Amino acid sequence: MAAAGPAQAAEVSYATKCVPPAASGLEPVNGTTKVQITAPATAKVGDEVDVVWQFTQAASKNPDLIDLPANSVQPSGVLKAAGAQTADIAMVGPRENPAIPKGGAMVLSAMKGKVKLTTAGDVTLTPDAYTINAFGTDTKCAPTEPVQSSATIKVTAGGGGSPSTSTSPTPTTTPTPTPTPTPTETDSTSPSPTPTPTDDGQTDFTGKLVEVPYKCVTPIGDKDVTSPIQINAKKNGGSYDITVQFKGSVMNSPADLPANSVNPSMDVVLGGSDTGKVHVVGPANTEPIKTGDPMTISDMTGTYKPGATGQSTLSPGVLTVSALGTTTTCTPTESMVSLTLDTEEQASGASGGSSTSGGTTSGSGGTSTSGGLANTGAENNGALKALGLVSGTVILAGVAVFTFMPGRRRLR
């Protein structure tokens, strides 16, 4: 990277509209964003320079719903270059933030990006739209008024190129925020379609995290929710040990529940070369749950015995949660493939075969629940919601209302 002149920094303020995920049911929020852009004051054609976007105020507050833990929020956005050169500069910040209590100001990390200067003249830098990712869901914020440029780079002719009156946009791709890792898991969110042999001769397969939309039927009504789910597999002879994980899907209990009273299960849907389903079951809560305490759907496990040779897909299916004598059933409204396996047909394997208990296969489709958001407050109303952490409500028993929200604790 070529040398450039001393850095400059200037702050701009602009009206912003933040739109939470549709599954939350929250209304958009109008707030104010304050940004400081840092960039070199001077540079030459051919230089690739660093630019920094620092939030001095985000157009949001954490809602009065749940505390955001440290390192759970990640910003990304677009910085507009104009003047002698036009470009959309992709900006992204690390998932680094202090713990943010309910109702606290949203604290976002500084975003960084690079731009290669191609044309002599003044290049202005103006903040534009940005996205806030928390627990696998995005709240999208965009200006609602013209925004003033925050920094100007004076570019002179140099060895890396020649002056030109035409613009030369720098191709960029808006970065995708990385999902928040669960403390007890390691890098389980990235897809790994090819097998990785283990030392004991078995093979692990890691599925990708998918945001599954569900319609849940509860004892007192229906609810649409979205849940982040991942399906993993371990080869065991000709079969596969399947694990279904809910990522950060926490339920808050409004009533005391005894131990061993909440029981989850799911039918994983097979596709591609194979057909049928894999029944997986999770353990019940081992300790009593007090009113207001969060909990998650436990890891559900079962066995998949392939009934076909080829590429078989596994998608989250119908989720059933039984508690205190009542049942909530959640059915996906869209099929989302989490894992693809290269399979070999086994005797009495799946392929549309009848269901067996304990985690083999049968036919049919699936579900689940949960979701996540952020909530924002704006200057006109401290309780306005735009970055909210709500997603769906499942009611189990007459008084036990469980709100599915992103979270990090998991029942064992």
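The chain has 27 strands and zero helices, both taken as DSSP runs numbered from the N terminus (strands E, at least two residues; helices H or I, at least four). This is a predicted model, in which local features need pLDDT of at least 70, side-chain atom pairs count only at pLDDT 80 or more, and totals for chains, interfaces and linings use all residues. Residues are numbered from 1 along each chain as its sequence is written, and side-chain values use heavy atoms, with hydrogens and water left out.

**The chain as a whole**

- Of the 412 residues, 49% are buried, meaning under 20% relative accessible area with a 1.4 Å probe, protein chains only.
- Among contacts (heavy atoms within 4.5 Å) with a separation of 6 or more, 73% are between residues 24 or more positions apart.

**Asp274**

- Asp274 sits in the loop between strand 17 (262-272) and strand 18 (276-281).
- Asp274 is buried but has no salt bridge, and Lys305, the nearest side chain of opposite charge, is 11 Å away; a salt bridge needs a side-chain nitrogen of Lys or Arg within 4 Å of a carboxyl oxygen of Asp or Glu.
- The Asp274 side chain reaches the backbone nitrogen of Gly307 at 2.9 Å.
- Leaving aside residues up to four places away in sequence, Asp274 touches several residues, including Tyr304, Pro306, Gly307 and Ser351.

**Gln85**

- Gln85 is in the loop between strand 5 (73-83) and strand 6 (87-92).
- Gln85 counts as buried because its relative accessible area is 0%.
- The side chain of Gln85 reaches the backbone nitrogen of Thr118 at 2.9 Å.

Methods. Buried < 20%, exposed > 50% of the residue type's maximum accessible area, 1.4 Å probe, protein only. Lys, Arg positive; Asp, Glu negative; His and termini not counted. Polar contact = N/O pair within 3.5 Å; in protein donor to acceptor, adjacent residues only side chain to side chain.
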